[in-house]
Amino acid sequence: MYKNMRSKIPQAQNLVKHLPEQEQLNALVRFKNEYPSLSEPEQFGVVMSGVKRLRPRLNAILFKLQFEEQVNNIRPDIMAVNAACEEMRKSKSFSKLLELVLLMGNYMNSGSRNAQSYGFDLSSLCKLKDTKSSDQKKTLLHFLAEVSEERFPDVLKFVDDWQHVDKASRGW
């Protein structure tokens, strides 16, 4: 059945590609009464002009015909992303690293309304490289790396837990 559907894809693509504009289709409707005297391509045009919402319908048909093939094409990438997410979720050292980030953020926010947060947005991880020391020489990311190297070296091994992250990030 799938092979039969694949053979219809070029036909649907050609229909979408060569479909006249709606104004031209509307003009063909007036030849409906002359249908028997028209040539076969003209008859086809008259019949197609009577189909409501023709372009969206053809696009939907084309999408349906191509869907399984497209899913099969990206399935390895989806599997790699799922595996990478699972590796990140299960990584004890990465979890500890995020815990350190939260601890540092709570320390920096002490006395403010954000003190003792229970979590943070992942987007705020990007701010680690933008948050600088008072002398503007060191970022919070540098400080995090130094603290991790000195006191929590096992945290830096989180990359070893990630076999699929590189493959998962290539297509994005």
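1. Let's begin with the largest nonpolar core, which has twelve residues in all: F94, L97, L100, V101, M104, L128, L140, L144, V147, V155, F158 and W162. Two elements, α6 (92-108) and α7 (140-151), each give two or more residues to this core. Helix α6 provides the largest share, with five residues. Please keep in mind that this is a predicted model.

2. A80 counts as buried because its relative accessible area is 4%, and the cut-off for buried is under 20%.

3. On to the surface: which residues gather in a patch of positive charge? They are K32, K52, R53 and R57. Of these, K52 is placed in the loop between α4 (40-49) and α5 (54-90), and its relative accessibility of 66% makes it exposed. R53 belongs to the loop between α4 and α5 as well and is exposed at 64% relative accessibility.

4. The backbone deserves a check at two places. R53 has a positive phi of about 50° although it is not a glycine. Q136, another residue other than glycine, has a positive phi near 65°. Q136 lies in the loop between α6 and α7 and is exposed, with 53% relative accessibility.

5. Now the salt bridges, which come to a count of five. In helix α5, E86 and K90 are four residues apart, about one turn of the helix, and their side chains meet in a salt bridge at 3.5 Å, N to O. E86 is partly exposed at 30% relative accessible area, whereas K90 is exposed at 54%.

6. Helix α6 holds a pair as well: K96 and E99, three residues apart, or about one turn of the helix. Their side chains form a salt bridge at 3.7 Å, N to O. K96 has a relative accessible area of 30% and is partly exposed; E99, at 46%, is also partly exposed.

7. A further salt bridge links K138 with E146, and its closest N and O atoms are 2.9 Å apart. K138 is partly exposed, with a relative accessible area of 31%, and E146 is partly exposed at 31% relative accessibility. Salt bridges with shared partners also join E86, R89 and K90 into one network.

Note on methods
Residues numbered from 1 in each chain as written. Predicted model: local features only at pLDDT ≥ 70, side-chain atom pairs only at ≥ 80, totals over all residues. Heavy atoms only, no water. Patch = residues over 30% accessible without salt bridge, like charges linked within 9 Å, V, L, I, M, F, W, Y side chains within 5 Å. Areas by Shrake-Rupley, 256 points an atom, 1.4 Å probe, with all protein chains shown as cover. Salt bridge = Lys/Arg side-chain N within 4 Å of Asp/Glu carboxyl O. Lys, Arg positive; Asp, Glu negative; His and termini not counted. Charge placed at Lys NZ, Arg CZ, Asp CG, Glu CD. Buried < 20%, exposed > 50% of the residue type's maximum accessible area, 1.4 Å probe, protein only. Core = buried A, V, L, I, M, F, W, Y, C linked by side-chain atoms within 4.5 Å.
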